[in-house]
Amino acid sequence: MDAKTPVPGQRGLDELTVPFEASDVLLSNLDAEATAQIVMAAADLALIIENGVIRDVAVGNSELMREELHKHWREKPWIETVTVESRSKIEELLSPHGASVRWREVNHPSDSALDLPIKYTAVKIGPDDRYVALGRDLRAISNLQQRLVEAHQAMERDYARLREAEARYKMLFEAASEAVMIVNARTLVIEDVNSAAAAVLGATSQKIEGANLADFVHSDDHRAMDVMFVEASRTGASSTVDVRLLPSQPARLSASAFRRDRAMLMIVRIHVDRAADAVSGPRKSLLSALEHLPDGLVIVDKSQRLIASNAAFKVLANVSSDQQLKGTELQACLGRSATDLNVLFSTLKKHGIIRNFATVMRADFGSDEPVEVSAVIAPSDDGDLYALSVRSVARRLSATPSLGEQLPNTASQFTELVGRVPLKDIVRDSTVLIEKLCIEAALEITDNNRASAAEMLGLSRQGLYSKIKRSGLDVGIGRGDLDDDL
């Protein structure tokens, strides 16, 4: 018989299968009992379906025997024994085109908490609408899948904890004021470095990580550094050694060893004498006083990048360490706009000093705070530096200042208000001032005769009285007023 010739009873097999070539001869003596045994041996569960109804059930799996399916399913429509989402699959298995259907996984409702997963294929066994459905129990595979999902979720939780621990480590590592590096003990490659160590080495973290520690240490001190690593490898921690960081900065190194997998790493600490530590006597006291001064102090270079600042300036900028400010541009935290700083520095370069320049301090979090800036040029070996004193005036200017309380008397006093008071307020209050001065002049000329003063100013007497009252002038009664009253 040709291998591609369909054989009766082969419904459910597609053209990729290879059927028996002599089944009509070799299997012709099979009786019903032998056929039933073959079916039971080939599947965990076998159903005889007629017109969509389960006529008989055979169970060849001890686990399925406990479900007592043969008692509950007989004479019930097959489609009613499965869950709602599986009914379309049963319809496919029993459709006229079922020959192209190999296997379908369906779920049967169960008395237990989980559904019963069975994988079916249906074979038509006669000219009428009768099928044999062969099923395989998928609970073992389903349990494995469930365990795989649980293992995957456990791994995700472990990864989340690992990421959280790594984030905490990085935060603590960066927040440490001590200069620290992680170095491979065998290759001396720097694997990690915090901001304090990067500042000491004079390079960015990106340039330092992956470089060799020996590249930052004077060649004459390489031997002392090797001895330090050997001592740390043997005892877990080394004593401090004196070295020179390139180009010629004195420093002290110490190392502590720990293992990661099979590699030995070193926590290398860098101790550098700060410039303030070398200052003694009155100058040291002066530097300490400047650090604790309530006004903010900051030094910037000619490109307006921050070099140093005291504690009060960090409070105004809402930062906690020098590393967050060092190297940043001044306009990132000071000035309403770039125009403010342009005016400030152009005036400073022209006169060498500036006092009480009104502007605002911008913090990363929070609203702008009004401040006054005084500045001076500080010559140095590397070129001119600029020292700025920043004083908060938020409490003094709790509300927008008004000219009504202390009215300027000259044009120069008006110009001093520019930058501190909005222009519309200056114009409004200057109008009030001019009116007051004109009324005083008119009353003085007319010897406090309000009628004459009103005529001189082109006002009605009631209009003049109203302006006198609004401006708060203390005006006596003149002879003209007595005559008017009479």
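1. Buried means under 20% relative accessible area, exposed means over 50%, and partly exposed is in between (1.4 Å probe, protein chains only). By that cut-off Asp137 is buried, with a relative accessible area of 16%. Its side chain meets that of Arg139 in a salt bridge (3.1 Å, N to O).

2. This is a predicted model: local features need pLDDT of at least 70, side-chain atom pairs count only at pLDDT 80 or more, and totals for chains, interfaces and linings use all residues. Residues are numbered from 1 along each chain as its sequence is written, and side-chain values use heavy atoms, with hydrogens and water left out.

3. Salt bridges next. The criterion is a side-chain nitrogen of Lys or Arg within 4 Å of a carboxyl oxygen of Asp or Glu. A search of the whole structure finds 16 of them. One joins the side chains of Glu50 and Arg130 (3.3 Å, N to O). Glu50 lies in strand β1 and Arg130 in strand β5 (residues 130–137), so the pair ties together parts 80 residues apart in sequence. Helices (H or I, at least four residues) and strands (E, at least two) are DSSP runs, numbered from the N terminus. Glu50 is partly exposed at 21% relative accessible area. Arg130 is also partly exposed, at 32%.

4. Asp295 and Arg391 form another salt bridge (2.9 Å, N to O). Asp295 sits in the loop between α11 (282–291) and β11 (296–300), and Arg391 in strand β15, so this contact ties together parts 96 residues apart in sequence. Asp295 counts as buried at 15% relative accessibility. Arg391 is partly exposed at 42%. Salt bridges that share partners also join Glu50, Arg55, Glu75 and Arg130 into one network.

5. Aromatic pairs. Rings of Phe, Tyr and Trp (its six-membered ring) pair if their centres lie within 6.5 Å; planes under 30 degrees apart count as stacked, over 60 as edge-to-face and the rest as tilted. The count by this rule is three. Trp78 lies in the loop between α4 (69–72) and α5 (87–93) and Tyr120 in strand β4 (residues 116–124), so the contact ties together parts 42 residues apart in sequence. Trp78 and Tyr120 are both buried.

6. Phe345 and Tyr386 also pair edge-to-face, with 5.2 Å centre to centre and 85° between the planes. Phe345 belongs to helix α13 (residues 338–351) and Tyr386 to strand β15 (residues 385–392), 41 residues apart. Both residues are buried.

7. Two strands pair if DSSP finds at least two bridges between them. An open sheet of five strands runs β2-β1-β5-β4-β3, with antiparallel pairing. Its edge strands, β2 (53–59) and β3 (104–108), each pair on one side only. Six bridges join strand β1 (residues 45–50) to β2. Ala46 stands opposite Ala58 in β2.

8. A hairpin. Strands β8 and β9 form it, with three residues between them. Strand β8 (residues 241–245) and strand β9 (residues 249–260) run antiparallel and are joined by five bridges. Asp242 stands opposite Arg252 in β9. In a regular strand the side chains alternate between the two faces of the sheet. The covered face of β8 holds Val241, Val243 and Leu245, and the uncovered one Asp242 and Arg244.
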